[in-house]
Amino acid sequence: MQYLTVSPGIARIVGGKVAVPGAWPWMVFLHRKGYGHLCGGTLISSRWVLTAAHCLTGRTADEINVYLGKHHEDTSDPMEQRFTAKKIILHEGFDLPSYRNDVALIKLPRRAMLNEIANLVCLPDGNMAASRQDGSCVTTGWGDTLGTGGEGVLKQLFLPLIPTQKCNSTNFYNGRIHTSMLCAGFEKGGQDSCRGDSGGPLVCSMDGRWYLMGVTSWGRGCALPMRPGVYARVSEFADWIEEKMLNN
């Protein structure tokens, strides 16, 4: 297993295509002061961002910048908003090396200004199954492209979900996929989330709305056959998210 985290300056999706600016308004760019792009995240309320716990392990709130409405990695965008994180909350059950419970929350110091390029994603409840999705799901990020193009801007990738039973088979991850995880990608490889996409969203269309079904978590390599991306299953953490936002 390996992190989908990033060394400074290495960060893009493999395959896919460049996103239209503002097309995914809940997309969050996380920056570590003094280093550069760290991870992705998702705006789930005007004060809260959901990301991966492994992105923030060992970090303090004051070293994390949070950008909304961002498209270009290394240059400013006209309507982007920047915050320094006020508080970081890691899931108490986050575990390495299993990557179980790989979710974390970032509280913003003030309410974000919601508009056409910075807005909220829908959250699934604990009973919402990813299998209800209307079509392909989408992951977005500034992660490693492995030379497939689109460097320095937000990329998107439509990809199918993979049933947990199949993803846990001996040809795939051989039992490593916990019930709090889900897999998405292509059996033949070639397109995938990758280093730097960690913490970003996997959204699926249901009943005409986009729901946050996964948080980019881990994978073996990037875009390899039978090694799809693994995501924290957001519906499993619905109660945890609600409780932390209410009491913090």
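## The C39–C55 disulfide

C39 and C55 are joined by a disulfide, with an S to S distance of 2.1 Å. A disulfide here is a pair of cysteine sulfur atoms within 2.5 Å. The torsion about this S-S bond is about -90°, so the disulfide of C39 and C55 is left-handed. C39 lies in strand β4 (residues 36-45) and C55 lies in helix α1 (residues 53-56), so the pair ties together parts that are 16 residues apart in sequence. Helices (H or I, at least four residues) and strands (E, at least two) are DSSP runs, numbered from the N terminus.

Are these two cysteines buried or exposed? C39 is buried, with a relative accessible area of 0%. C55 is buried too, at 1%. Buried means under 20% relative accessible area, exposed means over 50%, and partly exposed lies in between (1.4 Å probe, protein chains only).

## How the model is read

This is a predicted model: local features need pLDDT of at least 70, side-chain atom pairs count only at pLDDT 80 or more, and totals for chains, interfaces and linings use all residues. Residues are numbered from 1 along each chain as its sequence is written, and side-chain values use heavy atoms, with hydrogens and water left out.

How many disulfides does a search of the whole structure find? The search finds three.

## The C137–C204 disulfide

A disulfide also joins C137 to C204, with an S to S distance of 2.0 Å. Which hand does this link have? The angle about the S-S bond is 105°, and the link of C137 and C204 is right-handed. The pair links distant parts of the chain. C137 sits in strand β10 (residues 137-141), and C204 sits in strand β14 (residues 201-206). They are 67 residues apart.

C137 is buried, with a relative accessible area of 0%. C204 also counts as buried, at 0% relative accessibility.

## The C167–C183 disulfide

C167 and C183 form a disulfide, and their sulfur atoms are 2.0 Å apart. The angle about the S-S bond is -85°, and the link of C167 and C183 is left-handed. Where do the two cysteines lie? C167 is in helix α2 (residues 164-167), and C183 is in strand β13 (residues 181-184). This pair links distant parts of the chain, 16 residues apart. Both C167 and C183 are buried.

## Another cysteine

What is the relative accessible area of C122? The value is 23%, and C122 is partly exposed.
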